[in-house]
Amino acid sequence: MLLAPPSLSHSVTIVIPCLNEEGNLEKLFHTLDRTFQNLGFTLPVLLIDDGSTDCTPQILTQLCCQYAYLKTIRHPQKRGVTGVWKTAITHVDTEWIFWGQADLESDFQTDLPLLLEACVPGVDGVAGWRQQRGDGKVMASKFANLACRMSFGLKIHDMNWIKLVRRDILTKVPFDVVTHRYLLAILAGWGYNITEVATPWHPRFSGQSKFGRGRLVTSAMNFSRTWWWFHVENRLLLPFQYIPAMFKAVDVGFRAGKEAFDMQVSRDRVASNS
């Protein structure tokens, strides 16, 4: 399905995952407000609070009164980024989802217009490629992106940051298997056109990163599971998907043959009686 570019349709919801970001929220929405003023239009914003234990819920209550485009969903307990993606896909009804960040490492004023402009007809998803990145995760990110380029045909350099993606193709991703980390890799492996655009990186404004060494192990395990599912499990199950069609073909062939036989018998009877 070919969708109108989101820069023209404006059928985009900005989804922002949030976990204990009390020090960033006011600046974040001040920046978003200026971004909408510069663009000349406003987009709906869905902020999903993934079980924050700081003052995030109270601040969000105040911000909802201030910004009419803001809606929030709160997870009673932390579900992780994959859980946030599931909630977003369930509650968003626009054609596109812009996946943002609450830590202000991404500046909406520069990044949102860049991704909208890069999303031309024929493009199914655009990722932001962090430039001058200084968060200490560059090597791990390079390795993960290289592995996905080699394994799934992904052509971009930075699959796990801000992104603008068609919602309808996101609904096909089995998040319980591939997790949020490899959704763009799977989409590329399925043949969707995933591109990227260079975007500036900024130091986190407030708070601490949730990334720890444990995530490296989790990422490696997720990658192995995703690779097996995509390259082995799917192919093993593929023949079974055609079994109903095979039975249907046999049934149609049998009925056609029986009908031809009955017609021939009928003709022979007419010929013998004449």
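Visitor: How many salt bridges does the count come to?

Guide: Side chains of opposite charge can pair when their charged atoms come close. In this predicted model a pair is counted when a side-chain nitrogen of Lys or Arg lies within 4 Å of a carboxyl oxygen of Asp or Glu. By this rule the count comes to ten.

Visitor: Which parts of the chain does the pair of D158 and R130 tie together, and how many residues apart in sequence are they?

Guide: The closest N and O atoms of D158 and R130 are 2.7 Å apart, and the two residues form a salt bridge. D158 belongs to the loop between α6 (138–152) and β6 (163–166), whereas R130 belongs to strand β5 (residues 125–131), so the parts that the pair ties together are separated in sequence by 28 residues.

Visitor: Is D158 buried or exposed, and what is its relative accessibility?

Guide: A residue counts as buried when its relative accessible area is under 20%. R130, the salt-bridge partner of D158, is buried with a relative accessible area of 9%. D158 itself also has a value that makes it count as buried, namely 2%.

Visitor: Which residue meets R133 in a salt bridge?

Guide: R133 has a relative accessible area of 19% and is buried, since the limit for that word is under 20%. Its side chain takes part in a salt bridge with an N to O distance of 2.9 Å, and the partner is D135.

Visitor: How many disulfides does the structure hold?

Guide: A disulfide is a covalent bond between the sulfur atoms of two cysteines, and here the two sulfur atoms must lie within 2.5 Å. C18, which is buried at 2% relative accessibility, has its nearest cysteine sulfur, that of C64, 11 Å away. The sulfur of C64 is 7.0 Å from the closest cysteine sulfur, in C65, which is too far for a bond. The number of disulfides in the structure is zero.

Definitions and conventions:
Residues are numbered from 1 along each chain as its sequence is written. This is a predicted model: local features need pLDDT of at least 70, side-chain atom pairs count only at pLDDT 80 or more; totals for chains, interfaces and linings use all residues. Side-chain values use heavy atoms; hydrogens and water are left out. Helices (H or I, at least four residues) and strands (E, at least two) are DSSP runs, numbered from the N terminus. Buried means under 20% relative accessible area, exposed over 50%, partly exposed in between (1.4 Å probe, protein chains only).
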